[in-house]
Amino acid sequence: MDIEGKKILVLGGYGLVGTAVCRELLRRQPREIQIHSLRQEESEAARDELAREGGETTLSVSAGDIFGLVGEATPRERARAQIGSLGDGVPLERFLLYRLLVDARPDVVIDCVNTATGIAYRDAFRAAELLARESEEGTVSPEAVEGLLEALYVPRLIRHVEVLHHGMHEAGTRAYAKVGTSGTGGLGLNIPYTHSEERPSRVLMSKSAIAGAQSMLLFLMARTPGAPLVKEIKPAAAIAWKKIGFGPIHRRRQPIWRLEAEPRALGPTFSTEDPGAARVLDEVMENVFVDSGENGLFALEEFATVTSTEQMEFVTPEEIAHYLVLEIEGHATGYDVIAALDGSVLGPSYRAGALRHAALERMRSLEERHGVRSVAFEMLGPPRVSKLLYEAHLLRETFGTLDALEALSAEQVRDQLDSLVRQRPELTAEIAAVGLPVILDNGEVIRGPQVLVPQDAREVEVTPEKLEGWVRDGWVDLRLASAERWMERLRRIREEWEAIGSEDTSSRHVRNRSFWNDGGRIEPAKLVGWILTVEEGGNRTKR
């Protein structure tokens, strides 16, 4: 992609890598760079620093927690936003990230936020320990429950990626590039530092796990039709540095105050908090430091230790930015994690394709021997797939061929389906046994003692809106409107294969006249495969 003239949204643009990315972008003369950071003053500071470098690019700013909601939210609302179904009580518009993307409408999003740290360091372990302690004491509070629900790592990450995907789709974003992390700076489970006596700490392992999970979710996004180009650079070393200097020392945004401390007896007890242990001076400690961005200020010897040979060592933010922008422009740097995953996962094989035909023939032979039709047991999920397969199966049982079905009107199709299920009740009994109700045009329903949709319903009021949702998600629909949908699908299928000239025998087309048996026998799996691919966009992009 040519970056010149484009709008780029840089998430985490104030940070160590984010600033380097903005500088790298400025050389390509984009139309606008929108710098987003957690705090407004950070975004403005980054803008002012970059503005001194000149150029025609507009520098705009925004701020806020991209994992959070817009406006005030109760702990319960925040928890539900992470664990509920998307839009269930918390609409997409309430998520700050979604609003940011839709309002900014960037051509490219470059994400320099350390997502894994932001999620893992909410510390689900501590939240779980608090809840367990209250449970033992018999004093479980709503706050402890909501705190654990909000801290759960995987639901929060999934929700973040869902919101990101929907927001970029709505904004028309064409490329997304992520600066990820390995979590341990290139070291393994033997990592000898990072905030705990454990090697490694549970929270650090959670950070690595979330970093890996995010890469896989981005891998899935990259394979989604209509999604933007997806890239990820994952540094496996310490990242340094932003500034070297002498001045006040802060740790986790809090100043380290100078002390006057003298030797004293240990005593029979010890507390980590003891205001009388030393006199705190009204003076912040000053010393030489190297600013390593999100990891804070390192002393000289700390920096020398962590970057020494066989420890984390380090990579510069400028290198990361350079490779990231090259990937967006279409250059193969060899450092894109998504491309590495795409090239190393084991996909469909020739052998499996050859054996598929034999497997299907064997199963069809067994169908004939036992006088059954093997359609769906609702093992695949969701129930909508089984519902579509059974609807196509009933069309097959009633009409046999596509030509015979197409020769009728939708009303005739409805009437003959209705007659079939009344004359052969064993057909709908099997469907009901799987857990799928069958709804007829007169409103009658054939069902078993348990149904799959709606899920776990107890005396739920039936409204027209709810009913249509249930039917779509998992009820076999034999009403007139469903017959009309099937007739429209057949019309589109025929148009598709007739558009392929009879003289075209190349490998270009899969669903040609021969695929559809020249309008002959109905094959439910082919029809439902077409629906999932063409109607619902559920196809694979890498073949």
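Phe303 is buried, with a relative accessible area of 18%, which falls under the 20% cut-off for that class. The model is a predicted one.

**Aromatic pairs**

- A pair of aromatic rings is described by two values, the distance of the centres and the angle of the planes.
- The structure holds seven aromatic pairs.
- One of them joins Phe303 to Trp241 edge-to-face, at 6.4 Å centre to centre and with 85 degrees between the planes.
- Phe303 belongs to helix H10 (residues 300-306) and Trp241 to the loop between strand E7 (238-239) and strand E8 (243-248), so this pair ties together parts that are 62 residues apart in sequence.
- Trp241 is partly exposed, its relative accessible area being 39%.
- Another pair, Trp470 with Trp475, is tilted, with 5.9 Å centre to centre and 35 degrees between the planes.
- Both Trp470 and Trp475 are buried.
- One aromatic cluster is made up of Trp241, Phe303 and Phe314.

**Charges over rings**

- Arg489 places its charged end over the ring of Trp486, 4.7 Å from the ring centre.
- The charged end of Lys526 sits over the ring of Phe515, 4.5 Å from its centre.

**Helices H14 and H18**

- Helix H14 (residues 383-399) and helix H18 (residues 464-474) have axes that come within 5 Å and cross at roughly 75 degrees.
- The two helices, H14 and H18, are therefore roughly perpendicular to each other, a class that spans 65 to 115 degrees.
- On the H14 side, Pro383, Arg384 and Lys387 meet Val471, Arg472, Asp473 and Gly474 of H18.
- By class, this contact of H14 with H18 has four charged, two nonpolar and one polar residues.

How values were computed. Residues are numbered from 1 along each chain as its sequence is written. This is a predicted model: local features need pLDDT of at least 70, side-chain atom pairs count only at pLDDT 80 or more; totals for chains, interfaces and linings use all residues. Side-chain values use heavy atoms; hydrogens and water are left out. Axes are lines fitted to C-alpha atoms, for helices over the stretch in contact, and angles run from 0 to 180 degrees between N-to-C directions. Helices (H or I, at least four residues) and strands (E, at least two) are DSSP runs, numbered from the N terminus. Angles under 35 degrees count as roughly parallel, over 145 as roughly antiparallel, 65 to 115 as roughly perpendicular and the rest as oblique. Contact means heavy atoms within 4.5 Å. Ala, Val, Leu, Ile, Met, Phe, Trp, Tyr, Cys and Pro count as nonpolar, Asp, Glu, Lys and Arg as charged, and the others, Gly among them, as polar. Rings of Phe, Tyr and Trp (its six-membered ring) pair if their centres lie within 6.5 Å; planes under 30 degrees apart count as stacked, over 60 as edge-to-face and the rest as tilted. Buried means under 20% relative accessible area, exposed over 50%, partly exposed in between (1.4 Å probe, protein chains only). A charge sits over a ring if NZ of Lys or CZ of Arg is within 6 Å of the ring centre and within 35 degrees of the ring normal.
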